[in-house]
Each structure stands twice: as C-alpha cells, then as structure tokens.
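Please read each point with the structure open.

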Amino acid sequence: MPRRVPVRQPRKHRPGRSPDGGTDDDSFFWAPIEQVHWDGTPLRKEPKQRLRSPRRPRPTRLTHPPDPVRGLAVLLALSLVAAFFAWVSAGPLWLAVGHSTKGTVMITHCSGGGLTQRCRGIFAADDDRFLVHGIRVSGVPADHTDTGTTLPARVTGPGADTAYVDTGAGAHLRWLLGLLAVAGCSAGIVRWTGASLLADPRQRRWATGGGYAGPVLITLGFLVAAW
C-alpha cells in the first residue's frame with residue numbers, strides 16, 4: 001500500500017500550463033495518505049458544532065375536560081383552607097394598617113402551651129369606651145398566663161372577638177403568612193382542578209380567573225366582618 005498520494009492544488013493560471021512553463025502535473029505534491037480524501041483533496045478541519053441545550057417540552061393542553069369529582073373535591077378542600085387563613089389574617093391586617101382600639105386585657109384563663117395555647121380574658125378599652133368579657137387573647141407570653149395578669153392589647157372594634165397582645169414582628173407575620181397561604185390555595189385551585197390546562201383559551205381564562213377570584217372574595221368577606 002502506498003504511504004503517500006498526490007494532492008491536487010488549486011491553479012490560478014491558464015489551464016494546461018504551470019507558471020514555470022511546466023504542465024498540469026506540476027500542480028500535484030505528495031502528502032501522507034492519512035491526510036488525503038479518496039478523491040485527492042486534502043483533509044480539512046471540520047468546524048466544531050455548538051452544543052445546544054435540549055429544549056424543555058411545552059406542557060400540552062388537555063384534549064378532554066378535567067375529572068369533575070376530583071376538581072370539586074380539590075375546590076372544596078382548598079376553599080376551606082383559604083377561608084381559615086383569611087379568617088385568622090383579617091384582624092391582624094386591620095391592626096397593621098392602623099384600624100385598632102388600644103386598651104388593657106386581664107387574663108382569666110389559659111390552657112395549653114406553644115401553638116396550642118388558648119387564653120381568655122376581659123378587655124377594657126382606653127378611656128372606658130367599652131368592655132368585652134370572655135374575649136380570646138392572642139400572643140400571650142408563656143410567663144404571663146396566670147389568672148389576673150394584665151397586658152396591653154389591641155382590638156379592631158367593640159364587636160371584636162380577639163384581643164392581640166403582640167405588637168412586634170409577630171403581629172405582621174400573622175397577616176402576611178396568612179395571606180400568602182390564601183394565595184397558595186388560589187394557585188392550587190387553578191392547578192389541581194385543571195383550569196389552567198383547558199384546551200379552549202376562553203374557557204381557560206374564565207376558569208383561571210374564577211379559581212383566583214374565589215379565595216380573594218372570601219378574604220374580602222372576612223375583612224368586612226372584622227372591621
């Protein structure tokens with residue numbers, strides 16, 4: 001087997017003659033066989049291809065309506081959870097925006113501890129404007145649960161059923177975390193009922209809007225009740 005083969009070179013002169021007066025045979029030179037194609041052209045470096053990251057497949061829309069039994073169960077469950085968090089967040093939200101009445105609460109009974117602590121007391125508004133017996137007291141420190149202990153507190157109004165003792169960062173966490181939970185329930189309703197996967201764009205928009213509007217209306221209702 002030959003180790004070298006002739007390689008054809010490009011010519012820039014008149015065909016049939018080389019620049020020095022020779023023939024076309026002078027346009028060949030001998031190169032190693034590993035560097036030449038089968039047709040006599042030299043090997044060239046192939047351009048490197050850029051590696052492309054694989055595209056993520058787009059979520060496909062459902063071609064059939066979601067399961068109504070599953071969707072109704074998810075809707076009811078998440079609506080109840082959203083109602084609970086809206087209820088516990090309504091009062092702290094009004095207090096955070098300044099709608100409150102200051103006063104003093106006297107502890108009459110406490111049970112449990114930590115997250116399960118439950119306290120009742122008597123709230124007296126400043127200037128003796130009103131008095132509320134048996135009101136629920138929230139945020140009582142663990143070392144102030146003895147009967148007869150008096151603590152400064154705030155309520156949303158004369159008809160309030162909860163007096164809030166904590167006035168620091170905990171007061172803001174009550175409504176902030178609660179409303180975030182309501183927003184999570186709204187997203188869960190839209191996702192797990194199949195509202196965002198409907199094939200018809202118009203039906204998808206209406207179903208998605210209704211999924212978000214339900215918990216929002218529940219929250220507005222509790223805010224009006226807590227005023």
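1. The unreviewed UniProt entry places the feature "transmembrane region" at residues 71-90, 175-194 and 206-226. The coordinates discussed here belong to a predicted model, and the annotated spans are taken from that record.

2. Two of these spans may be set against the model. Residues 175-194 are 90% helix and 0% strand, with the end C-alpha atoms 29 Å apart. Residues 206-226 are 100% helix and 0% strand, and here the end C-alpha atoms lie 30 Å apart.

3. How do the axes of helix α1 and helix α3 cross? Helix α1 comprises residues 68-96 and helix α3 residues 201-226; their axes come within 8 Å and cross at roughly 40°. The crossing of α1 past α3 is right-handed.

4. Which residues make this contact? On the α1 side they are Ser79, Ala82, Ala83, Ala86, Trp87, Ala90, Gly91, Leu93 and Trp94. On the α3 side they are Pro215, Ile218, Thr219, Phe222, Leu223 and Ala226. Classified by type, the contact of α1 with α3 has twelve nonpolar residues, three polar residues and no charged residues.

5. The whole structure contains three aromatic pairs. One of them is formed by Phe84 and Trp87, with 6.2 Å centre to centre and 55° between the planes; this pair is tilted. Both residues, Phe84 and Trp87, lie in helix α1, three residues apart, or about one turn of the helix. Trp87 is also among the α1 residues that contact α3.

Methods: Residues are numbered from 1 along each chain as its sequence is written. This is a predicted model: local features need pLDDT of at least 70, side-chain atom pairs count only at pLDDT 80 or more; totals for chains, interfaces and linings use all residues. Side-chain values use heavy atoms; hydrogens and water are left out. UniProt positions are given in the numbering used here, feature names are shortened, and annotations may be inferred rather than shown by experiment. Helices (H or I, at least four residues) and strands (E, at least two) are DSSP runs, numbered from the N terminus. Axes are lines fitted to C-alpha atoms, for helices over the stretch in contact, and angles run from 0 to 180 degrees between N-to-C directions. A crossing is left-handed if the near helix is turned anticlockwise from the far one by less than a right angle, and right-handed if clockwise. Contact means heavy atoms within 4.5 Å. Ala, Val, Leu, Ile, Met, Phe, Trp, Tyr, Cys and Pro count as nonpolar, Asp, Glu, Lys and Arg as charged, and the others, Gly among them, as polar. Rings of Phe, Tyr and Trp (its six-membered ring) pair if their centres lie within 6.5 Å; planes under 30 degrees apart count as stacked, over 60 as edge-to-face and the rest as tilted.
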